Amino acid sequence: MARRIDLTGAGGLRLAAWEFAEPPKPAGQAGPQGPDGFPPDPALGAVQVAGSGSGPRGEPPEPSQGPGVLLLHGLLGRASHWAQTARGLSGSCRAVALDQRGHGLSDHPEGPAGLTPEAFVADAEAALEQLGMGPAVVVGHGMGALVGWRLAVARPDLVRALVLAEMRAAAVGAALHREWEDWLAAWPTPFATLGEVREWFSRDPWVERPSEARAAYFAEVMTHAPDGWRPVFDPEQMRLARRGWAFDAHWEELAQVPCPALVVRGVDGQLGRAEAHEMVRVLPRGEYAEIPDAGHLLHHDQPDAWQSLLTRFLQGVLTP
């Protein structure tokens, strides 16, 4: 069961955040939720909190239970991708996953000005303040890691530590960015069934072997439309968002991160070992970890190894 919290992001944009309190069910055991990890109607039974931090009848929000962990998905992702991670932490931390702007059930901004890296960072800042979770550990995957380290530089009082999963510090470059845009444009939407979604996305264009975890990951970002299954986001907005950071190097930003930061890569992912080690060297308090037999979606490819690694790091940074 997911608990929804409504927040207000930069520019008054409505953001949806989620807490996943129940322990994960055994593999193959169905639960009362849809294919995206939420209840069939995410609004049912939801507890919504206004951007002011007050409850639906003006009551204050519930206080944090344990140290705060803010989970930030990557580009094309959504908060439900963190459900298993959040449930694994629920006994020791208050883990909240944010649908970043333009993703999941958060609002979609209009125009490129609402999709800048600064807007994403301002949303994360607003979320931590409204949830009363700072200083928190910020766990980011892909673009979410970029948002995390920029937030740590801008608001060190809100960020206790960082986990940076599969995000490059070097510029992506025009050729690789064009390859990614071509791949996004090639999605054969609308898909007739979720089975077709899983079959198409199981074939990773950058890795030879098929991946069931990848198929499940992208099935979660689909919603049923009158003509079939389409992503919950606008692909053009995703292109605009990625252009905001893909052509820039981020070494100077990393050098200003004051808190402990764990750089994590999947051995078969998009972040190379040499670049990851250089990120650790540049970070004032950097650490390195890698997950074998995992690609870019490392927390889906090897969830047990990811959970173990994350738990060890959190124990280290949260222990007085």
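Good morning. Contact here means heavy atoms within 4.5 Å. Helices (H or I, at least four residues) and strands (E, at least two) are DSSP runs, numbered from the N terminus.

The model is a predicted one, in which local features need pLDDT of at least 70 and side-chain atom pairs count only at pLDDT 80 or more, while totals for chains, interfaces and linings use all residues. Residues are numbered from 1 along each chain as its sequence is written, and side-chain values use heavy atoms, with hydrogens and water left out.

Let us stay with H3. This helix comprises residues 143-154. Its 12 residues reach 17 Å from the first C-alpha to the last, close to the expected 16 Å; that expected span is 1.5 Å times one less than the number of residues. How many of the 12 residues of H3 are buried? The number is 10, so the helix is mostly covered. Among them are Met143, Trp149 and Arg150.

Now the wider picture. The protein chain has 11 helices and 10 strands. Of its 320 residues, 53% count as buried.

Next, the sheet. Strands of a sheet pair through backbone hydrogen bonds, either parallel or antiparallel. In this model, 8 strands form an open sheet with mixed pairing, in the order E1-E2-E4-E3-E5-E6-E9-E10; two strands pair if DSSP finds at least two bridges between them. Strand E1 (2-8) and strand E10 (286-291) are the edge strands, each pairing on one side only. From one strand to the next, the twist averages 25°. Axes are lines fitted to C-alpha atoms, for helices over the stretch in contact, and angles run from 0 to 180 degrees between N-to-C directions.

Within the sheet, strands E5 (residues 136-141) and E6 (residues 159-165) run parallel and are joined by 6 bridges. There, His141 stands opposite Ala165 in E6. Helix H9 (residues 273-282) packs on the sheet and touches E9 (261-266) and E10, its direction making about 155° with that of E10. Helix H11 (residues 303-318) also packs on the sheet, touching E3 (68-72), E5, E6, E9 and E10.

I turn to helix H5 (residues 194-201), where Leu194, Val197, Trp200 and Phe201 are buried. Why do they lie on the same side of H5? They do so because they cover an arc of only 125° around the axis, taken from the directions from the helix axis to the C-beta atoms. These buried residues pack against helix H4 (174-185), helix H6 (212-219), strand E7 (222-225) and strand E8 (228-231).

Trp187 sits in the loop between H4 and H5. Is Trp187 buried or exposed? With a relative accessible area of 7%, Trp187 is buried. Leaving aside neighbours within four places in sequence, Trp187 is in contact with residues including Trp200 and Phe201.

Finally, His103 lies in the loop between strand E4 (94-99) and H2. At 0% relative accessibility, His103 counts as buried. Beyond its neighbours within four places in sequence, its contacts include Met143, one of the buried residues of H3. That returns us to the helix with which I began. Thank you.

Key:
Buried means under 20% relative accessible area, exposed over 50%, partly exposed in between (1.4 Å probe, protein chains only).
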